[in-house]
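Please consult the sequence and the structure while reading.

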Amino acid sequence: MSNNNELQPVQNSSSDQGLEPQHEQIHFQNNRYIVWALLYRFRFVFFLVSLLVGIGTYIYLHFQPNWYEASVNFVPPKRQISSLEGAISSISSTLKDIGLQKLSGKSESYSFNTILFSRTIKDSLIKEFNLAKLYDIPDTNYKALYNALDENYDVALEVEGNYVVTCMHTDKVIAAKMANRVLQLANTIARTMDVKEATTQRVYLEQRLAQLNTAIDRLTDSLALYSKKTLLFSPIDQGASLAEGYGEIKSQKMKQEILYDFFKGQYGEDDPRSIAQKEILSMITSKISSIENTPGYAGNFALKDAASVGGKYLRMYTEIETFSKVKAFLLPLLEQAKLDETRNVPSAYVLDEAIPLSEKTKPRRTLISAGAFAGTFVLLMMIVLLRYQYKQFNLRFKPYYTSLLLQSKSK
């Protein structure tokens with residue numbers, strides 16, 4: 001009897017272990033049914049609370065002002081390349097043609113968005129339309145004002161190349177005025193920037209031309225003094241004449257040498273004809289030596305110094321020609337810069353002017369209230385489920401925690 005009693009718990013234990021997976025599966029299914037039961041039990045609470053939140057949200061939004069948007073549609077003009085940019089472009093093309101593409105650089109220009117999102121336009125809109133009062137933000141809190149304006153101000157660049165600026169305000173008429181005012185401000189800023197750019201170009205070109213004029217005057221005076229000193233005024237023509245005359249004399253010397261050798265061989269060195277021919281040859285040789293070593297034949301310089309004298313003259317003359325061509329290149333650019341400085345044309349042209357619209361943009365009361373209803377319903381369900389899971393966690397693990405706590409205290 002005692003043995004049977006002792007074996008009985010073991011058998012029960014083994015049978016319990018064999019049925020443990022089945023119990024766990026039943027326990028899991030029961031938990032799932034309990035969850036659905038909980039959700040079903042509180043369904044009316046979920047619905048009523050969510051409905052109250054949705055109605056409260058709608059009532060709150062009902063007392064909020066309506067916001068209206070207005071959009072102005074405009075296009076920037078076909079940008080005309082300035083004179084200086086055109087010149088740089090032509091120079092870049094030339095550099096590219098001769099294999100110096102890396103030196104030509106790249107042409108960069110700012111986008112019109114730079115102006116439309118500038119702080120100048122935002123400050124003007126805030127002050128002119130008293131947006132600080134509309135947004136209920138102190139006019140000294142610029143960062144908050146800019147953030148509030150960004151939420152009610154949008155610029156879109158369409159695929160076709162046109163810009164659409166949209167402004168929102170609680171007054172539909174003011175919203176249209178704001179959008180149209182943005183374009184006016186953008187044109188003013190762009191015009192100011194164009195004038196500054198043209199003025200900078202004009203000042204630079206005037207300074208560069210003044211430097212060129214100074215260099216040309218200095219070189220012209222130096223060339224005049226040098227020409228007066230050397231009597232060289234046309235190196236190419238004078239050089240051609242000098243070469244022709246010098247070559248003629250040299251040929252005459254060679255002829256006389258041939259005749260002298262002939263007479264000397266035929267009649268002897270003491271013959272009068274040989275002596276006369278020798279005197280002629282001596283005169284020609286003396287003349288050639290005078291031409292080579294004494295100034296005055298082609299200018300106030302000797303023939304042996306002709307290359308250095310002509311080279312210096314040509315160097316100064318070439319510098320004058322170079323500076324003159326650069327001056328001729330810059331003069332039209334200067335006139336164009338003066339025209340750009342006084343030109344008064346808009347930087348953007350209106351396609352569709354902003355007009356007041358009767359349909360409000362925000363708030364979307366029905367949509368927001370429906371979202372508040374759905375969000376509250378889901379939130380309540382999550383709260384109930386989390387609360388149930390928390391209780392299950394405590395029921396399952398609290399005995400183990402209590403046991404561990406008692407063991408630690410007994411130690």
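In this predicted model, the structure holds nine aromatic pairs. A pair of aromatic rings is described by the distance of the centres and the angle of the planes. Two of the pairs are set out below with these values.

| Pair | Distance of centres | Angle of planes | Arrangement |
|---|---|---|---|
| Tryptophan 67 and tyrosine 135 | 6.3 Å | 15 degrees | stacked |
| Phenylalanine 74 and tyrosine 163 | 5.6 Å | 10 degrees | stacked |

The pair of tryptophan 67 and tyrosine 135 is stacked because the planes of the rings are at 15 degrees, and planes under 30 degrees apart count as stacked. This pair links distant parts of the chain, 68 residues apart. Tryptophan 67 belongs to the loop between helix H2 (43-62) and strand S1 (68-75), whereas tyrosine 135 belongs to helix H7 (residues 131-135). Tryptophan 67 has a relative accessibility of 13% and therefore counts as buried. Tyrosine 135, with a relative accessible area of 12%, is buried.

The rings of phenylalanine 74 and tyrosine 163 are stacked, with their planes at 10 degrees. Phenylalanine 74 is found in strand S1 and tyrosine 163 in strand S3 (residues 163-169), so the pair ties together parts that are 89 residues apart in sequence. Both phenylalanine 74 and tyrosine 163 are buried.

Which residues form one aromatic cluster? The cluster is made up of Phe46, Phe47, Phe373 and Phe377.

Technical notes: Residues are numbered from 1 along each chain as its sequence is written. This is a predicted model: local features need pLDDT of at least 70, side-chain atom pairs count only at pLDDT 80 or more; totals for chains, interfaces and linings use all residues. Side-chain values use heavy atoms; hydrogens and water are left out. Rings of Phe, Tyr and Trp (its six-membered ring) pair if their centres lie within 6.5 Å; planes under 30 degrees apart count as stacked, over 60 as edge-to-face and the rest as tilted. Helices (H or I, at least four residues) and strands (E, at least two) are DSSP runs, numbered from the N terminus. Buried means under 20% relative accessible area, exposed over 50%, partly exposed in between (1.4 Å probe, protein chains only).
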